[in-house]
Amino acid sequence: QVQLVESGGGLVQAGGSLRLSCAASGSIFSINGMGWYRQAPGKRRELVAEIISGGSANYADSVKGRFTISRDNTKKTVYLQMNSLKPEDTAVYYCNADCTGWDMRRHTNWGQGTQVTVSS
């Protein structure tokens, strides 16, 4: 069992910043990649940013230059620094972790989601 606990969401004005955190715990042998997805009302869940074990990061075009994903392997934690927020960034943000358990099986895990609301 793997648990992902997110924090850092909230309400912010357009142009403001927020930092999301997601800490993984449980039966984890290794974490292959971690990332953030978001889902706005009436829309499909979409990838925001991801970072793999080697440190390479990918971003959605809509957040490039504004968001930065980082990872602390010792803490099994991934961060998402969000700057220059726009109302269209409003969504529930979900942490995702691709983990290998002690059973050597690979699992995809999701956090419970944290609300980010950007007012205009």
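1. The radius of gyration is taken here over C-alpha atoms, and the globule rule is 2.2 Å times the number of residues to the power 0.38. For 120 residues, a compact globule would have a value near 14 Å, and the 14 Å of the protein agrees with this. The model is a predicted one.

2. The secondary structure consists of eleven strands, with zero helices. The C-alpha atoms fill a box of roughly 50 × 25 × 25 Å along the principal axes.

3. Of the 120 residues, 42% count as buried. Among contacts between residues at least 6 apart in sequence, 55% join residues at least 24 apart.

4. Two aromatic pairs are present. In one, the ring centres of Phe-29 and Trp-102 are 5.1 Å apart and the planes stand at 75°, so the pair is edge-to-face. Phe-29 lies in the loop between strand 3 (18-26) and strand 4 (30-39), and Trp-102 in the loop between strand 9 (91-100) and strand 10 (106-110); the pair therefore ties together parts 73 residues apart in sequence. Phe-29 is partly exposed at 43% relative accessibility, whereas Trp-102, at 56%, counts as exposed.

5. Tyr-37 and Trp-110 also form an edge-to-face pair, with ring centres 5.0 Å apart and planes at 70°. This pair links distant parts of the chain, Tyr-37 in strand 4 and Trp-110 in strand 10, 73 residues apart. Tyr-37 is partly exposed, with a relative accessible area of 22%; Trp-110 is partly exposed, at 38%.

Methods
Residues numbered from 1 in each chain as written. Predicted model: local features only at pLDDT ≥ 70, side-chain atom pairs only at ≥ 80, totals over all residues. Heavy atoms only, no water. Helix = DSSP H or I, 4+ residues; strand = E, 2+ residues; numbered from the N terminus. Buried < 20%, exposed > 50% of the residue type's maximum accessible area, 1.4 Å probe, protein only. Contact = heavy atoms within 4.5 Å. Phe/Tyr/Trp six-rings, centres within 6.5 Å; stacked < 30°, edge-to-face > 60°.
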